[in-house]
Amino acid sequence: MRPVLGLMLAAVAGLAQAAEIKRVDVPNFPIAQAVLVPGGSDLVFLSGTVPSVTDPAAPKGSVQSFGNTEAQTLDVLTKIQATLKAQGLTMGDVVLMHVYLVGDPDKGGQMDFGGMMNSYRKFFGTADQPNKPARSTVQVAALASPGMLVEIEVVAAKAK
């Protein structure tokens, strides 16, 4: 009886290890409508990441000191990628993303969704990295520092 029980437990453990993260994509758009993360997966929650100053000669707290939305998004996603790598994860492990955009003064105070997407598409839904996170993008009044137009927080998951 014990060998049978052992085989059953090994089979159940094998099924648990075989569970994988499943994504339901939005057709023709690089986000997931839903992401199913199986129980027992490791979850990593990254705090909001903001851009670094890229032009120290520009006036402090200006959009010019951080760059436009596209440049800020590229900087933020590159920083997120490095943080994930330090945890043994990749951008392909991101399952949820919240994007906060401040209205761009050069766009009449409207968020530059297109600029954000130009950089986002370099990390998600590509031939090299086809996984896409569930995502929401909202316009906010301001971020921690004037001139910042982008803040992004993510949740990454790794099935065991």
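Helices and strands are here DSSP runs, numbered from the N terminus. In this predicted model, Thr 49 has its place in strand β3, which spans residues 42–49. The protein averages a pLDDT of 91, and 89% of the residues score at least 70. Over residues 4–16, however, the pLDDT is below 50, and this stretch has one contact in the model beyond near neighbours in sequence. Where pLDDT is low, the predicted coordinates should not be read in detail.

**Surroundings of Thr 49**
- Thr 49 counts as buried because its relative accessible area is 14%, which is under the 20% cut-off.
- Leaving aside neighbours within four places in sequence, Thr 49 is in contact with residues including Val 76, Ile 80, Val 150 and Ile 152.

**Helices α3 and α4**
- The axes of helix α3 (residues 69–86) and helix α4 (residues 113–120) come within 7 Å and cross at roughly 35°, and the crossing is right-handed.
- Among the residues that meet are Leu 74 and Leu 77 in α3, and Met 116 and Tyr 120 in α4.
- By class, this contact of α3 with α4 has four nonpolar, five polar and one charged residues.

**Salt bridges**
- The count comes to three salt bridges.
- Lys 132 and Asp 25 meet through their side chains at 3.3 Å, N to O, and the pair links parts of the chain 107 residues apart.
- Asp 42 in strand β3 is joined to Lys 160, 118 residues apart, with 3.3 Å from N to O; Asp 42 is partly exposed at 40%, whereas Lys 160 is exposed at 58%.
- Asp 93 forms a salt bridge with Lys 158, the closest N and O atoms being 3.6 Å apart; Asp 93 is buried at 10% relative accessibility, while Lys 158 is partly exposed at 38%.

How values were computed
Residues are numbered from 1 along each chain as its sequence is written. This is a predicted model: local features need pLDDT of at least 70, side-chain atom pairs count only at pLDDT 80 or more; totals for chains, interfaces and linings use all residues. Side-chain values use heavy atoms; hydrogens and water are left out. pLDDT is the predictor's confidence in each residue, from 0 to 100. Contact means heavy atoms within 4.5 Å. Helices (H or I, at least four residues) and strands (E, at least two) are DSSP runs, numbered from the N terminus. Buried means under 20% relative accessible area, exposed over 50%, partly exposed in between (1.4 Å probe, protein chains only). Axes are lines fitted to C-alpha atoms, for helices over the stretch in contact, and angles run from 0 to 180 degrees between N-to-C directions. A crossing is left-handed if the near helix is turned anticlockwise from the far one by less than a right angle, and right-handed if clockwise. Ala, Val, Leu, Ile, Met, Phe, Trp, Tyr, Cys and Pro count as nonpolar, Asp, Glu, Lys and Arg as charged, and the others, Gly among them, as polar. A salt bridge is a side-chain nitrogen of Lys or Arg within 4 Å of a carboxyl oxygen of Asp or Glu.
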